[in-house]
Amino acid sequence: MSQYKMTVQQDHKPSTEPEQGTQSPNLEDCLKLLKGERDEQRLAGLLLVTKFCKAEDHPSLRRVYDAVGPRFLYRLLRTGMGSDTNGNRDAYLSLSITVLAAFCRVPDIASSEDMVLNIPLVLEVISTQSGSSVLQECYEFLYLVSAASGNGITRFCESGGIKVLASQMHTLQDGSHLMELSFKLLQLILSRMSLDIIQNNDLSDISVIMAAIARLFAVLHNSLKFEALHLLNAILTSKDSSQLRHALQLLPQDNWSLNIRIGIRAILQNRVAPAERLQALILAESMVSMYGEDWLVSQVNTNDAQDPVSADMCLLLVLEQSRVEIAVLLNELAYLKYEAPQDTSATAQAIFSKRHNVAVAYSLVEKIIKLISNVEETDGDLLDEGTLTKLILQLNETIMVVLEYLEDAKIEGCKALASCKGPEAVLDCFSKLVGSNAFLEDNGCIFLACDTIMNLLLKKDKVSMMLDESAIVHLLKALAYWSDNTDEMSSMMMASSICALVFDYTSEEALLNRPGFNYSTLNSLYLLIARCLTSSEQHCTILQVLGRFTRKCYCDGVLCRPSGYLLLTVAMVMSLELQIKHGRGDEILDTKEDMDLSEIVSSGDYASLDGLIGTPISERLPRTDFDPLNLDLLLMDVSTFKVGFMGHEV
């Protein structure tokens, strides 16, 4: 390498101090020295540059770099790394690394192939000059060149850069600028290169780096703590991290795993930005996925005094923050979906990100529920009763938040559908599906349409929906045809439920005045509902429907609706009686052996109905769901009227 060494006369060292009576050197003077024929002149020019040329003055740095040239800089670096420089090696090395780092602040210089070629040499300096004053400039050079060029990152990895970082991480001072630069360099590499490629060559080194970052995540209390958090997440959430996760699981848990739990707990129990709390949850979900839900409360034997709090603190904090995130994210998702500008890339990206984050929170809640369910298998040693009570209360609150969101989403969805004439389209689609006998092959699409129709009808008061009468007629005729051609109880129950909601939406008079709808269709629908009630095993549902339809028939105790609804209510009473007579009375009502519904109806002893049911009706159902008075009115009229129903006398 002798051809790369610099020759400097020892009896003539360049002076950087101006002679008395002369002006201070300026940039032009430096450029003249840098363009000199002798190395002494160029060295003097570089020394002057380091004194007055600002790092942010890119135009001046560019002129200086062009004047000195990359070849001289390379020779200077190799000379500083040599062993025979008459005692000036450290000075040359310091000068070369300093000016290289300064020049690389200019992006087009940093991205040049000349700078990329210096990466292996700088890595060698870091490996051999541990504790040297030039390490900071070395890391700055590596970061700037890697950031400016994809070739820089490739050369860094191919030259053993990951191994060098792994060997140096434990020697860097906690919270130092060197540590910050190493974090930035790692983040940059992970953002530009596939983790799969890195771990194929440097799996053990990445594991060492992860352990070092985890320790810093636990002990640091400045902004680098969050940098460590982001680095851990970037690595563990990578789609190519399976090999690394397996390698990390082989590490002693009282080392890196404990440190991560300490760091997560510190973030969640202190006042930090919501975004950092969410990052802590993402890291917790990764750890639980690797080690199981017990990781949240695992006891680790350690002599380290930095983990003095209760074992379940991390568990409680994770669940509490998950509950908060679910509430916030669901609210934000509802806004983005129903109020924010649609069909924009920003909205789409925000929705994608928030859905991913809420999925992380859901996953943690699911894992905690599993942890609670396994408490008995651990003989109660894992969680005490007080902790279990707190967990269950928080879970109940979380479930209520989710249910409220689903209800609001359903209403908003109905509003959006109703605003664009969606109900008519759904009704038309359903009629065509039934008309084409699609239910004979697959009920999936039909049930999806039915669910949509039911949601619309249930929310009709909140969405101010108006359905066309002709569309309703087509719907009812399709329901009648569907039920007449299937014996599947789920289909009939769905059809009868929609019929009940439609009857609550309109009137028989309006339906019978429409072309194509007659008493035959109406009676088919009544029979459908009666068949479903006969097979039903839920007496509360029957009584609720009785109350709904009786309110349709009476106003202030006077029959004010056509006989159709009375026919229907009679059919329901008949179906209730049939269930009792066919031996299902114990499942439906708490009956007395000598009681018969027909006897009560015919005698008018309505007070006995409470005895038949077992408890007062008003206590069985909320008042908002059922009105006992309407049932009394119903029974009064059933006992006094003989009505022909489907060819049978009631």
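## What covers helix H10

What covers the buried residues of H10? In this predicted model, the cover includes helix H7 (113-117), helix H8 (119-128), helix H9 (135-148), helix H11 (161-168) and helix H12 (177-192). The residues of H10 (residues 150-158) that are buried are Gly152, Ile153, Phe156 and Cys157. Viewed down the axis of H10, these buried residues fall within an arc of 130°, so they line one face of the helix.

## The protein as a whole

The protein has 33 helices and four strands, and 46% of its 650 residues count as buried. Among contacts between residues at least 6 apart in sequence, 72% join residues that are at least 24 apart. The protein exposes about 32000 Å², of which carbon and sulfur atoms supply 50%.

## A buried asparagine

Asn233, which is found in helix H14 (residues 223-236), is buried, with a relative accessible area of 3%. The side chain of Asn233 is joined to that of Gln279 by a polar contact of 2.8 Å. When neighbours within four places in sequence are left aside, Asn233 is in contact with Ser238, Gln279, Ile282 and Leu283.

## Salt bridges

The structure holds 15 salt bridges. One of them joins the side chains of Asp174 and Arg215, at 2.9 Å from N to O, and this pair links distant parts of the chain, since Asp174 is in the loop between H11 and H12 and Arg215 is in helix H13 (residues 195-219), 41 residues apart. Asp174 is partly exposed at 35% relative accessibility, and Arg215 is partly exposed at 33%.

Lys460 forms a salt bridge with Asp504, with the closest N and O atoms 3.7 Å apart. Lys460 lies in helix H23 (residues 460-463) and Asp504 in helix H25 (residues 489-505), so the pair ties together parts that are 44 residues apart in sequence. Lys460 counts as buried, at 16% relative accessibility, whereas Asp504 is partly exposed, at 23%.

Asp428 and Lys432 form a salt bridge whose closest N and O atoms are 3.2 Å apart; both residues lie in helix H21 (residues 422-435), four residues apart, about one turn of the helix. Asp428 is partly exposed, with a relative accessible area of 37%, and Lys432 is exposed, at 57%. Elsewhere, Arg62, Asp66 and Asp108 are linked in a network of salt bridges.

Methods
Residues are numbered from 1 along each chain as its sequence is written. This is a predicted model: local features need pLDDT of at least 70, side-chain atom pairs count only at pLDDT 80 or more; totals for chains, interfaces and linings use all residues. Side-chain values use heavy atoms; hydrogens and water are left out. Buried means under 20% relative accessible area, exposed over 50%, partly exposed in between (1.4 Å probe, protein chains only). Helices (H or I, at least four residues) and strands (E, at least two) are DSSP runs, numbered from the N terminus. The arc is that of the directions from the helix axis to the C-beta atoms. Contact means heavy atoms within 4.5 Å. Accessible areas come from the Shrake-Rupley method with a 1.4 Å probe; for residues, only the protein chains shown count as cover. A polar contact is a pair of N or O atoms within 3.5 Å; within protein, one must be able to donate a hydrogen and the other to accept it, and residues adjacent in sequence count only if both atoms are side-chain atoms. A salt bridge is a side-chain nitrogen of Lys or Arg within 4 Å of a carboxyl oxygen of Asp or Glu.
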